[in-house]
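Have the sequence and the 3D view open as you read.

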Amino acid sequence: MARLRKRHLWQDYAQALIESLSVRKAAIQCGVSKNTAFLWRHRFLSRIADHQAQHVSGIVEADETFFLESFKGQRTLPRPPRRRGGSAKKRGLSAEQIPVLVVRDRSGQQADFKLEKLDALHVGERLRPLIDADAILCTDSAGVYTHFAKAEGLTHRRINPSQKRRVDGAFHIQNVNAYDSRLKTWMIPFHGVATKYLTNYLGWRRLLERYKAQLNSLICLEESLGYMTVQQLTQT
């Protein structure tokens with residue numbers, strides 16, 4: 001956070017992040033300009049976005065969700081502009097949809113990644129260093145997960161919702177699906193997030209989930225400065 005001024009307002013801005021305020025409302029609450037509030041948002045979140053699980057084990061759920069590609073804030077667009085928030089030009093999945101891989105184990109350890117493409121190469125690059133060799137991977141029936149599990153010799157339990165088989169004993173992906181739903185709902189008031197900042201918003205949501213009601217402005221400020229203990233990382 002080098003070269004950021006008005007340090008006496010940083011804790012107030014951390015509180016604005018906890019409340020998930022818009023840039024305009026955060027600016028009013030802290031008594032700064034909208035440009036300053038926007039700059040602070042992404043300077044605070046850039047360090048927070050780095051704080052996620054480095055290792056998951058036991059029963060591990062993985063699933064993908066998608067966000068509409070957005071060039072919000074850019075003056076020059078590679079396509080005609082959409083209304084705020086907007087919708088994809090094409091139905092279903094397309095290059096307009098940015099995949100996000102969400103991984104979560106039953107102890108609450110979580111990591112998520114904005115992917116360049118949802119394929120075996122990019123999924124494998126993210127999952128390989130993350131998942132314990134003895135873990136049981138639970139996913140939907142997408143082929144990218146089957147390919148990864150087979151290549152790594154992982155036990156793989158596939159859940160196929162289309163066959164009304166959402167739970168197989170202890171094996172399901174309901175936790176990660178529920179998180180995807182909370183993430184998408186939380187994103188709605190922002191009316192579309194610029195794709196280049198999507199990783200920051202993913203980190204912001206993880207912060208809120210990690211601490212829940214225990215989160216306060218001091219903790220938020222410490223995280224934005226890069227201070228995070230192993231104990232904090234393992235909170236559920």
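**The chain as a whole**

Please keep in mind that this is a predicted model. The protein chain holds nine helices and seven strands. It has 236 residues, and 47% of them count as buried. If you take the contacts with a separation of 6 or more, 63% of them are between residues 24 or more positions apart.

**Two helix pairs that share H7**

Helix H7 covers residues 198-211 and helix H8 covers residues 217-224. Helix H6 is formed by residues 174-187. The table sets out how H7 packs with each of these partners.

| Helix pair | Crossing angle | Axis distance | Handedness |
|---|---|---|---|
| H6 and H7 | about 115° | 11 Å | right-handed |
| H7 and H8 | roughly 135° | within 12 Å | right-handed |

Let us begin with H6 and H7. Their axes pack at an angle of about 115°, so the two helices are roughly perpendicular to each other. On the H6 side, the residues in contact are Tyr-179, Arg-182, Leu-183, Trp-186 and Met-187. They meet Leu-198, Tyr-201, Leu-202, Trp-204, Arg-205, Arg-206, Leu-208 and Glu-209 in H7. Sorted by class, this contact has nine nonpolar residues, four charged residues and no polar ones.

Now follow the chain on to H8. The axes of H7 and H8 cross at roughly 135°, which makes H7 oblique to H8. Here H7 contributes Leu-207, Arg-210 and Tyr-211, while H8 contributes Ile-219, Cys-220 and Glu-223. By class, the contact of H7 with H8 includes four nonpolar and two charged residues, with no polar residue.

**A look at Ala-37**

Next, find Ala-37, which sits in helix H3 (residues 34-48). Is Ala-37 buried or exposed? Its relative accessible area is 0%, so Ala-37 is buried.

Which residues does Ala-37 touch, leaving aside those up to four places away in sequence? Its contacts are Tyr-13, Val-23, Ala-27 and Val-32.

How values were computed
Residues numbered from 1 in each chain as written. Predicted model: local features only at pLDDT ≥ 70, side-chain atom pairs only at ≥ 80, totals over all residues. Heavy atoms only, no water. Axes fitted to C-alpha atoms, helices over the stretch in contact; angles between N-to-C directions. Helix = DSSP H or I, 4+ residues; strand = E, 2+ residues; numbered from the N terminus. Parallel < 35°, antiparallel > 145°, perpendicular 65-115°, else oblique. Left-handed = near helix turned anticlockwise from the far one by under 90°. Contact = heavy atoms within 4.5 Å. Nonpolar A, V, L, I, M, F, W, Y, C, P; charged D, E, K, R; others polar. Buried < 20%, exposed > 50% of the residue type's maximum accessible area, 1.4 Å probe, protein only.
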